[in-house]
Each structure stands twice: as C-alpha cells, then as structure tokens.
Amino acid sequence: MNTVARKAVVLAAGKSTRIAPLAGTVPKPLLEIGGQPILVRNLRWLAESGIEEVWINLHYRPETIRERIGDGCGLGLQVNYSYEPEILGTAGGVRQIASQWRETFLVVYGDSLLSANLGVMQQAHRENSAPLTIGLFDRTRHPHTGIAGGAVTIGSDGRVVSFVEGAGVGASALVNAGLYLIEPEIVARIPPASCYDFARDLFPQLLESAVPINSHMIEGYCLGIDTPESYRRALRLIDEGMVKL
C-alpha cells in the first residue's frame, strides 16, 4: 500500500437531469457556490490536500467542463479527462482508466461539496488492512442537504457491516459521503466496459465476498447537490453560517 494518495478521480459525468429546472444546460459540477463552481472548489481542496494529478470523467456537455477547468495548472493540479460516450456509472468510470491506478487513489463526487481532512483519512487508511476506506458523515451531526445516499452500518472496529443505497428514515444515521480511498486490487473487481456503480453494485459485492471495507468519519460537512431543493438548501446552510466555505 502506498503511503500517500497522489492521484484522484473526480466524478463529473452525470446528466444533470434532476437539477435541470434550475441549472438549465449547466452541468451540475459547474453550478456556483459562493461565487465559484463546485468543481473548482473541489479541485482546489484536492490540491491543498496534496493531490497532484486528477482524472475527471465526462459525459454531459464535456466541452463546457474542459473549457472551464483546462489542464488544471491554474489550480495547482495536472488535470486529465476521460470521456464516456455512454455513462459507465461511478465505478465503471474508474474502471475505464484502470491503467492509471498502480497505487492508492482517491475518488470524490464532483457535484458534492465536502469538508474533510484528507491527511487524517489517509492515515486511518494506512493503519488498517482494508483495501477500501469510505468517508462517512452522521446526518444527525454534520451539515448536509439530505440528498446523499447509502446508509452505512459499522462495527466496533470501524469496518462496514452493511450498505444500503437509497435507505430512508429509520436506517443508520451514518451516510456515504462520496469520498473513497481505494487500492488498485479493488479496480479489478469492477467489470470492464459496463455501467457499474460503487454504492449499488461494488460495495454490496465486496461485503458479500467478505472483502473488508473500512469507514472514516469526516470532520466537516457534505453538501450533495443533485436537485434544485438540495442546491437551495446548501445556499441556506452557508447563508445561516452552518457551513463555512
């Protein structure tokens, strides 16, 4: 296991269907929060956290994202792009560029605004033997927009016991924050050239196969932005001082 992740995937291929009434033809990751696109904020955060190279997967209006982000030099990163003519899902998009993953790498959702200490998360990942660490937030304690999925149950050792995508009220208060540290061996478990999702497909398959998944509680917030309502909720949390950018 490498000591520090230097590469990351930022998932940005979604069709932006649910938020279209508000965003129009603007891809979700380019919606502005506090005067900056979500994607730009995420890339700056990654650069400040020690990430050096990023791959962004694209599908919906790819030229718009390419034009806005460019090669990443202005953000302190080397930015590469992976275009998907047909959406491959969150995990399938990572599998398409499997040749890049020869050491520990990070996955982050491009349309979610996060506050997390990646250094602390990486240390926790190194200290356990699991090939995958999932960042979590507690919906009873952490500011969020109510849009993030996967309810997660963990054991006393921090290992994930169950993962239920789309779970409603009454499920575990711990929720997938869309932030993963992954070892290359996991990528081989993703079917090539197919639509495959981390939450709906890969995580349940890993648990069924008794592959250990570790959890890490983030320190800040998780603002998933997928609908007009969740976008407005994010702005309200910022305006009310619940979230400090």
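On a 1 Å grid over the protein atoms alone, a pocket is an open set of points where a 1.4 Å probe fits, with protein on both sides within 12 Å along at least five of seven lines, and its lining residues have an atom within 4 Å of a point. The model here is predicted, so local features need pLDDT of at least 70 and side-chain atom pairs count only at pLDDT 80 or more, while totals for chains, interfaces and linings use all residues. Residues are numbered from 1 along each chain as its sequence is written, and side-chain values use heavy atoms, leaving out hydrogens and water.

Let's start with the largest pocket. Its lining counts 38 residues, and Lys-28, Thr-90, Tyr-109, Arg-200 and Asp-226 lie nearest the centre. Helix 4 (89-96), strand 11 (174-182), helix 7 (198-208) and strand 13 (222-224) each give two or more residues to this lining. Strand 11 gives the most, with four. (Helices are DSSP runs of H or I, at least four residues, and strands are runs of E, at least two, numbered from the N terminus.)

Now for the second largest pocket, which holds about 210 Å³ of space. Of its 13 lining residues, Arg-41, Trp-45, Leu-114, Tyr-221 and Leu-245 are the closest to the centre. Helix 2 (38-48) and strand 7 (112-114) each supply two or more lining residues, and helix 2 gives the most, with five.

Here are the volumes, each being the space filled by probe spheres set on grid points joined across faces, edges and corners.

| Pocket | Volume |
|---|---|
| Largest pocket | about 970 Å³ |
| Second largest pocket | about 210 Å³ |
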